[in-house]
Amino acid sequence: YGEAIKIQNDGKILVAGSGIINSKKIIVVARYMTDGLLDGSFGTNGIVITDLVTNFGSSSANEIVVQSNG
């Protein structure tokens with residue numbers, strides 16, 4: 001589920017959300033190019049999957065902050 005969206009200064013679009021893989025809740029961040037295609041230079045084929053929520057119960061990604069260095 002997409003829960004947060006942020007447009008970077010270069011126009012690329014970040015989408016964060018949560019989901020379930022193998023019965024484990026995960027946080028996912030995807031980055032899209034300005035044309036809507038996944039940005040292959042970000043994570044693995046445009047997607048980063050974390051297992052942060054396994055340590056924090058029912059946490060979800062409901063906000064995105066881009067660091068000052070991009």
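Guide: What follows is a run of questions about terms, each set against its cut-offs.

Guide: Some ground rules: this is a predicted model, where local features need pLDDT of at least 70, side-chain atom pairs count only at pLDDT 80 or more, and totals for chains, interfaces and linings use all residues. Residues are numbered from 1 along each chain as its sequence is written, and side-chain values use heavy atoms, with hydrogens and water left out.

Visitor: What makes up the secondary structure of the protein?

Guide: Zero helices and four strands, running β-β-β-β from the N terminus on. Both kinds of element are DSSP runs numbered from the N terminus: a helix is H or I over at least four residues, a strand is E over at least two.

Visitor: How do you know which strands are the edge strands?

Guide: The four strands form an open, antiparallel sheet in the order β1-β2-β3-β4. β1 and β4 are the edges, as each pairs on one side only. From one strand to the next, the twist averages 20°, taken between lines fitted to C-alpha atoms, with angles from 0 to 180 degrees between N-to-C directions.

Visitor: Why do β2 and β3 count as a pair?

Guide: Two strands pair if DSSP finds at least two bridges between them. β2 and β3 have nine, in the antiparallel sense, so they count as paired by that definition. As one example, G19 has I26 in β3 as its bridge partner.

Visitor: Why is Q8 called buried?

Guide: Buried means under 20% relative accessible area, exposed over 50%, and partly exposed in between, with a 1.4 Å probe and protein chains only. Q8 has 11%, so it is buried. Q8 sits in the loop between β1 (2-7) and β2 (13-21). Not counting residues up to four places away in sequence, it touches L14, R31 and V66, where contact means heavy atoms within 4.5 Å.

Visitor: And A61, buried or exposed?

Guide: Buried, because its relative accessibility is 9%. A61 lies in the segment after β4. Leaving aside neighbours within four places in sequence, A61 is in contact with E3, A4, A16, G17 and I27. A61 and V29 are 32 residues apart in sequence, yet 8.6 Å apart in space, C-alpha to C-alpha.

Visitor: What makes N45 exposed?

Guide: Its relative accessible area is 59%, so N45 counts as exposed. N45 is placed in the loop between β3 (24-32) and β4 (47-50), and its phi is near 55°, a positive value in a residue other than glycine.

Visitor: Why is the link between D39 and K12 called a salt bridge?

Guide: Side chains of opposite charge can pair when their charged atoms come close. The label asks for a side-chain nitrogen of Lys or Arg within 4 Å of a carboxyl oxygen of Asp or Glu. For D39 and K12 the closest N and O atoms are 3.1 Å apart, so the pair passes under that definition. It links the loop between β3 and β4 to the loop between β1 and β2, 27 residues apart.

Visitor: What is linked with what in the network of salt bridges?

Guide: K12, R31 and D39 are the members. R31 forms a salt bridge with D39, the closest N and O atoms being 2.8 Å apart. Both R31 and D39 are buried, and K12 is buried as well.
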